[in-house]
Amino acid sequence: MVKDLSVRLCGVELRNPVIPASGTFGFGTELEGAFDLNLLGGISLKGTTEKARYGNPTPRIAECPSGMINSVGLQNPGIDVLVEEKVPALRKIYSGAVIANISGFSVGEYARCCAKADACGGIDIIEVNISCPNVHDGGMAFGTSAKAAAEVTAAVKEVTRKPVFVKLSPNVTDIVEIAKACEGAGADGLTLVNTFLGMRIDIQRRRPVIAAGMGGFSGRAVFPIALRMVWQVAHACRIPVMGCGGVASAEDVVEMMMAGAAAVQVGAENIRNPWACPEIVEALPGLLDRLGAASARELIGAV
């Protein structure tokens, strides 16, 4: 049973549409001994900022029914370590698409980090996480304002030649408005969605489980909402979409692609099951066969 699982993202060829989402797979090398990383279509690396960050105080992870809340706080070694050490180390063992996930707390920081990522030969796609608070605008997340999202997108596009995918926050009233603003500012593609804002309370201690109070909720429970947003944006915009949010099976991947996603990221499920991605890749040919599909590409936008 031979099926063509390959997809393309802005000219970048992926052997299949399955990509571990940023923050759930480290910098790739951490999973080297678990399975052959070359089974994956791409890898979205851990979110990176200009300077090293130690992240938020613990506890910063809370389990939930069908999901989890995290408030890691973008713990990372900084952009220079990413391009000088992490990406070269990954490239020694991995030949697929490498996606650098970039975060920032000002437009200037985004631009500087993306310029360095663009100059790194081992990086194929730049994914810009606009869920960070804008320190120059009262702390409002870039991704909750169409104007701010467009400003970041335009600044990044001025300093890059590689494809730029903007990763959208779902914590907005109208995600299509944000998506179209990014498209209008020059984004080559969009990733959606990032985590939802959530909270758990320790009833014995009478305080939040997460030290920061709230955090990003992800996992299987968010899949129907994420799928709806992917469908809305894919039908409103002309640029490619990477679907993300609660994906845990080959069937979920197909749903995301039928909704319009050209590739699909697997996030929290990797935390629960480190072999989730290769298991999904293995199951895809049989599922395509049952659906009467010869290739993964023909599923994109089928609904």
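**Close-up 1. Helix α1 and the elements that cover its buried residues.** In this predicted model, the buried residues of helix α1 are covered by elements that include β4 (42–44), β7 (97–102) and α2 (107–119), where helices (H or I, at least four residues) and strands (E, at least two) are DSSP runs numbered from the N terminus. The buried residues of α1 are Ile79, Leu82, Val83, Val87 and Leu90, with buried meaning under 20% relative accessible area, exposed over 50% and partly exposed in between (1.4 Å probe, protein chains only). An α-helix has 3.6 residues a turn, so residues three or four places apart point the same way. The 13 residues of α1 (residues 79–91) should span 18 Å at 1.5 Å a residue, and the 17 Å between its end C-alpha atoms agrees with this; the expected span is 1.5 Å times one less than the number of residues. At Glu85 the helix α1 bends by about 25°, and the proline Pro88 follows within four residues; the bend is the angle between axes fitted to the seven residues ending at a residue and the seven starting there.

Residues are numbered from 1 along each chain as its sequence is written, and side-chain values use heavy atoms, with hydrogens and water left out. Because the model is predicted, local features need pLDDT of at least 70 and side-chain atom pairs count only at pLDDT 80 or more, whereas totals for chains, interfaces and linings use all residues.

**Close-up 2. Two positions of an annotated binding site.** The unreviewed UniProt entry places the feature "binding site" at positions including Val72, Asn129 and Asn194; UniProt positions are given in the numbering used here, feature names are shortened, and annotations may be inferred rather than shown by experiment. Val72 is placed in the loop between β6 (67–70) and α1, and, leaving aside its neighbours within four places in sequence, Val72 is in contact with Lys46, Gly55, Asn56, Arg60 and Ile61, contact meaning heavy atoms within 4.5 Å. Asn194 is placed in the loop between β10 (189–192) and β11 (196–198), and it counts as buried at 16% relative accessibility. The side chains of Asn194 and Asn129 are joined by a polar contact of 3.1 Å, that is, a pair of N or O atoms within 3.5 Å of which, within protein, one must be able to donate a hydrogen and the other to accept it, while residues adjacent in sequence count only if both atoms are side-chain atoms.

**Close-up 3. Aromatic pairs.** Rings of Phe, Tyr and Trp (its six-membered ring) pair if their centres lie within 6.5 Å, with planes under 30 degrees apart counted as stacked, over 60 as edge-to-face and the rest as tilted; by this rule there are two aromatic pairs. The rings of Phe25 and Phe35 have centres 6.1 Å apart and planes at 50°, so this pair is tilted, and both Phe25 and Phe35 are buried. The rings of Tyr110 and Phe142 have centres 5.3 Å apart and planes at 85°, so this pair is edge-to-face; Tyr110 lies in helix α2 and Phe142 in the loop between β8 (125–129) and α3 (146–158), 32 residues apart.

**Close-up 4. Helix α4 and its surroundings.** In helix α4 (residues 175–184), the residues Ile175, Val176, Ile178, Ala179, Ala181 and Cys182 are buried, and the buried residues of α4 pack against α3, β9 (164–167), β10 and α5 (223–236). At the start of α4, a side-chain oxygen of Asp174 reaches to within 3.1 Å of the backbone nitrogen of Val176, while just after α4 Gly186 takes a positive phi of about 110°.
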